[in-house]
Amino acid sequence: MDAILSLRGVGKTYASGHRALEPVDLDIPRGEIFALLGPNGAGKTTLISIVCGIVVPTEGTVTVAGHDAIIDYRHARRRIGLVPQELATDAFETVMATVRFSRGLFGHGRDDAYLEQLLKDLSLWDKRDTRIMELSGGMKRRVLIAKALSHHPELLFLDEPTAGVDVELRRDMWRLVHRLREQGTTIVLTTHYIEEAEEMADRVGVISKGRLLLVEEKTALMQKLGKREMHLSLVDPMTVLPPELAEWQLSLEDEGHRLTYGFDAHAERTGIPSLLRRLSDLGIAFKDLDTSKSSLEDIFVDLVRERPAQDRAA
């Protein structure tokens, strides 16, 4: 595997004693879209800040396109683009001037033809002579993306890129990400929007409380951890579940109008036939039945809730 990014034992403890990131081992191959999922404060920004040279790790090594990001930082950082969470730009500069300046910071010569196409792709060309302070929040976000792409990075980090933006910009971002991948750019996306990971990612990493809980291909993760649920709309509502149904671990929802049964669709025995027979024996009638599959959001919530308890038990 040709990894553009390799992390080995990378961790961070601040002077206050706060452990922001437990040691992480991770390889990102070229051309991949990798989504790092986690709630606010989980360690997502700390991790990418270390790779981008903003935060110095307490331990471990970071290699970007074969260059040590600590020792050979100039070569490593030239290959990285970062779209940060914060809207930090020079408010008095024009759009074109700030993007052109960002390109120069990485040692690239002037290329207005490339920047023109970049601004057009981001719907910024008509705003090229507008000062940053006069732009809307969504347009400022687009400028950050243009700055990050101004020097043709091989590895692009998007840190919560669509937080607080409108649906149109979010969809534009998704299209741009797919187009960049087609051009060979590797993308690492940090987000707490599950839909972004489902829409874009090849692999998903889940991080919580500074610990990388797992890394899986998105489809494999959903097959492995995803559950199915059967919902039964009852003819007559129930106030409590009869003890004869205890073995199926049912839940009573919608003010007693619906029974929900969770099961593993890959299991040899799902328990559905025996459950339906028992309901019939008990005279519990239903008027509708449907099943649903767990989303990535369901899996994520389960992982973040359950894994810390497992770690304590270990």
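**Close-up views of a predicted model**

**View 1. Helix 5 and its surroundings.** The buried residues of helix 5 pack against strand 6 (80–83), helix 3 (95–105), helix 4 (112–121), strand 7 (155–159) and helix 6 (167–182). The model shown here and in the other views is predicted. Helix 5 is mostly covered, with 10 of its 13 residues buried; among them are M139, V143, L144 and I145, as well as the residues R141, R142 and K147. At 1.5 Å a residue, the 13 residues of helix 5 (residues 137–149) should span 18 Å, and the end C-alpha atoms are 19 Å apart, which agrees.

**View 2. The largest nonpolar core.** This core has 41 residues, of which L119, L156 and L158 touch the most other members. Helix 5 gives the most to this core, namely seven residues. Apart from it lies another core, of 27 residues, including V24, I28, A76 and F157. Leaving aside residues up to four places away in sequence, L158 touches V83, M173, V177, I187, V188, L189 and T190.

View 3. In general, strands of a sheet pair through backbone hydrogen bonds, either parallel or antiparallel. Strand 6 and strand 7 pair in the parallel sense, over four bridges. Within this pair, V83 stands opposite L158 in strand 7.

View 4. Helix 1 (residues 44–51) is mostly covered, as seven of its eight residues are buried. The buried residues are K44, T46, L47, I48, S49, I50 and V51. Just after helix 1, G53 takes a positive phi of about 85 degrees.

**View 5. The hairpin of strand 9 and strand 10.** Strand 9 (residues 203–208) and strand 10 (residues 211–217) pair in the antiparallel sense over six bridges. S208 has R211, in strand 10, as its bridge partner. Two residues lie between the strands of this hairpin, and K209 takes a positive phi near 55 degrees.

Conventions. Residues are numbered from 1 along each chain as its sequence is written. This is a predicted model: local features need pLDDT of at least 70, side-chain atom pairs count only at pLDDT 80 or more; totals for chains, interfaces and linings use all residues. Side-chain values use heavy atoms; hydrogens and water are left out. The expected span of a helix is 1.5 Å times one less than its number of residues. Buried means under 20% relative accessible area, exposed over 50%, partly exposed in between (1.4 Å probe, protein chains only). Contact means heavy atoms within 4.5 Å. A nonpolar core is a set of buried Ala, Val, Leu, Ile, Met, Phe, Trp, Tyr and Cys residues joined through side-chain atoms within 4.5 Å. Two strands pair if DSSP finds at least two bridges between them.
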